[in-house]
Amino acid sequence: MSRITLDGIAHAYRGTAGKQDDYALKPLHHVWEQGMAYALLGPSGCGKTTLLNIISGLVTPSEGRLLFDEKDVTRLPTEKRNIAQVFQFPVIYDTMTVAENLAFPLKNRGLPRAQIEARVKEIAGILDLTPDLNRRARGLTADAKQKISLGRGLVRADVSAVLFDEPLTVIDPGLKWELRSKLKAVHRALDMLMIYVTHDQVEALTFADRVVVMKDGSVLQVGTPLDLFERPEHTFVGYFIGSPGMNLLPATITGNRARVGTLEIQLDGTYPNFIDRTAQLGIRPDHAILAAPGQGLPVQVQRVDDLGRVRLARVMLGNHPMVATVPQDMSVPVGAAGVLFEPGRLHVYIDERRVEGAAA
Amino acid sequence: MNDKPVNNRAWFFVLPVLIIVLFSALLPLMTVVNYSVQDTIGQNSFFWNGAAWFRELLDPTTDLGDRFAGALQRNLVFSFIILIIEVPLGIAISLCMPRSGWKVGPTLVIMALPLLIPWNVVGTIWQIFGRIDIGLLGYFINSLGIDYNYTGDAASAWFTVVAMDVWHWTSLVALLCFAGLKAIPDAYYQAARIDGASRLSVFRNIELPKLRRVLVIAILLRFMDSFMIYTEPFVVTGGGPGNSTTFISVDLVKIALGEFDLGRAAALSLVYNIIILAVCWLFFTVTTHLDQREGRPS
């Protein structure tokens, strides 16, 4: 098994597909590569779980084809696909011991006993479940139960992919970090395709090689955590990734100049005319540096938040609020100041999508 | 520290309840206790009889003791049979009931219908249904060549009474189980599919364990109700033929109202009551104890 291909997959839970609003998941093409860890990131209700359930076969898509390598599995039932899935809330089999819980997926597939035992031991070791192996699962804490669920997802050696649907929601914050690093270690050790659904950007950015950002049933951007940070392809990505999110300033663009209110800003490239379309300038707070009055663009400082590692200034650029970084050596400024944009960090968004300028 | 204000006038708020309970439960019960330790020679003159009625009741060599032992045995056998039939059947039906869509409403209404019919009407329905001359069931069974007659044959009478109870009360078990099944989150079924579990395995490892609490309630209710059964067998068979379907309650009414033997009837009532209380207490204690031994409830 090397990859999973979504070929125009779309899903509508009710109504006739075709009406845009009825889609929980809009038509989507994507290839999931073997050995990669993906994170599906987006706000609640954006179609992440639907997409996951389509891959595992719990939901049959209304349109499109799903391919495992070259094999069409769109209509294949879940148990015939080699997919493991871990759910948001712990699912354990009450009447079984922890060991029996972990062995359950293997036993159902008729593996030899010795192989099952070895595999259960290995997974229990990774997840620190070894001391509990012979205990009844129903008496354990939510943390431990979710570890069992994770274990059942990881226990099968032959799976094409392991899907995680916000698996750490019920876990204590401290343990969360630990489990996430464990998952990452497992991923490196077993070289399997993992898809991890979350609405927590930190979780997504620390876990995944590739992050898939979704909103309202469509994929906005697929990229490495660095891509998402440095070149958000969509204003939503800029706003959703990073804390605080990207500054977005409404602007009018002519050639290589942008006008925000009464201020003119020099751009790196030249842009064609966008008539009747919304243009926005995007700059991350990390790349907008506060400076002495007279330098860069004039701003009014409203408030400075000291976050310990960094100080952020809430400023007004003309009539538009934005956030800028206060340099280490600068005393806390009040009133008029300037703001400098790091070169190459200013992005132009037309109708919310990033547009690359032609070289000047 | 207890710093709640003490005000004895608060007793007035409790008083109405105390008075109602006094008249509705305590006084009637104490009257029965009073009768159970006295004998009468009529004309409303009673005299102390000690525990004699109880001794007679619990001694199978006496006439009363013999009647009681027989009826108790029949009661226990009856409860056992209907539990053995109704619980598995109820679970099976609940598994077949639709859990979503427009079919849910009509199914629930149909399932609830037998529960809404008054006891003596159920008795009358089956009394006619089982008759060999005009009853559909009786006529049909006889036309198959099986000798069925609930007024003359004990086996036929038992069959009728058991069938009637199953018809009347299986719905209750099924509806309780249905509610229990509905409460199982979808994720459990999805996880089972991911894990490649068979249908049987899903039932054994997910549905049955999750139904445990509901089943405890269902068994308790059905045991109590069947142990106290009176109206239906009274209407259908009147306790006969002979005394083959005479349950404790049927006999109790005979002794108390037919023979007007207040002392014996009172003693029988109290013992009957204590048996039910004891069984319920035992059942409840054992099941809650099991829960605690297995750790915190999930």
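Helix α7(B) crosses α9(B) in a right-handed manner (the near helix is turned clockwise from the far one by less than a right angle). This is a predicted model in which local features need pLDDT of at least 70, side-chain atom pairs count only at pLDDT 80 or more, and totals for chains, interfaces and linings use all residues. Residues are numbered from 1 along each chain as its sequence is written, with chains lettered from A and ligands numbered from 1 in the order in which they are written.

Helices α7 (residues 154–182) and α9 (residues 199–227) of chain B pack at about 150 degrees, their axes 9 Å apart. The helices are DSSP runs (H or I, at least four residues; strands are E, at least two), and axes are lines fitted to C-alpha atoms over the stretch in contact, with angles from 0 to 180 degrees between N-to-C directions. The pair α7(B) and α9(B) is therefore roughly antiparallel (over 145 degrees).

Most residues other than glycine have a negative phi, and most peptide bonds are trans. In chain A, the peptide bond from A:Ser243 to A:Pro244 is cis, with omega near -5 degrees; A:Pro244 belongs to the loop between α8 (235–240) and β11 (247–260).

| Residue | Phi | Loop in chain A |
|---|---|---|
| A:Glu166 | about 45 degrees | between β7 (161–165) and α5 (173–190) |

A:Glu166 is buried, with 21 other C-beta atoms within 10 Å, whereas A:Asp128 is partly exposed, with 14 (buried: 20 or more; exposed: 12 or fewer; partly exposed: in between; C-beta atoms are placed from the backbone).

Technical notes. Angles under 35 degrees count as roughly parallel, over 145 as roughly antiparallel, 65 to 115 as roughly perpendicular and the rest as oblique.
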